[in-house]
Amino acid sequence: MAWFFLALAIVFEIAFALGTNATRGFTRLWPSVLTLLAASGGIFTLSLALRTLDVSVGYTIWTGIGSIGTVLFGALIYKERITLPKLLSFAAIIAGALTLKLASGL
């Protein structure tokens, strides 16, 4: 169940990051409300995942995969460019997250 909560927390994290851009400095009401709800949902579901997972594993995967998702959806929604350095960074994040998972025995 912890991995389900972590996956849900990642979805919230991506929504929070993308929503922050849509708020235009928290000057737009509904994007601001949705962004704050996504942030709250992400922290809450991460806390549920961390009941079982080591914080070093759960938090790193949450931020790492959330970052990758934000870059990918940022490219789709906001037309941001995905460059070779970004792709290499994705690979490093994924390798680090997998290594942490394997090292933790979970």
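A patch, as the term is used in these legends, joins residues with over 30% relative accessible area and no salt bridge, nonpolar side chains being linked within 5 Å. The structure shown is a predicted model.

**View 1. A nonpolar patch on the surface of the predicted model.** Nine residues are shown: Leu72, Phe73, Leu76, Ile77, Tyr78, Ile82, Leu84, Leu87 and Leu88. Together they present about 850 Å² of accessible area. Two or more residues come from each of helix H3 (55–78) and helix H4 (84–104). The greatest contribution is that of H3, which supplies five residues.

**View 2. Leu87, a member of the nonpolar patch.** Leu87 belongs to helix H4. Its relative accessible area is 44%. Leu87 is therefore classed as partly exposed, since this class lies between the limits of 20% for buried and 50% for exposed residues.

**View 3. The setting of Thr45 in helix H2.** Thr45 lies within helix H2, which spans residues 29–49. With a relative accessible area of 5%, Thr45 is buried, because residues under 20% fall into that class. Leaving aside residues up to four places away in sequence, Thr45 touches Phe5, Leu8, Ala9 and Phe12.

Notes: Residues numbered from 1 in each chain as written. Predicted model: local features only at pLDDT ≥ 70, side-chain atom pairs only at ≥ 80, totals over all residues. Heavy atoms only, no water. Areas by Shrake-Rupley, 256 points an atom, 1.4 Å probe, with all protein chains shown as cover. Salt bridge = Lys/Arg side-chain N within 4 Å of Asp/Glu carboxyl O. Helix = DSSP H or I, 4+ residues; strand = E, 2+ residues; numbered from the N terminus. Buried < 20%, exposed > 50% of the residue type's maximum accessible area, 1.4 Å probe, protein only. Contact = heavy atoms within 4.5 Å.
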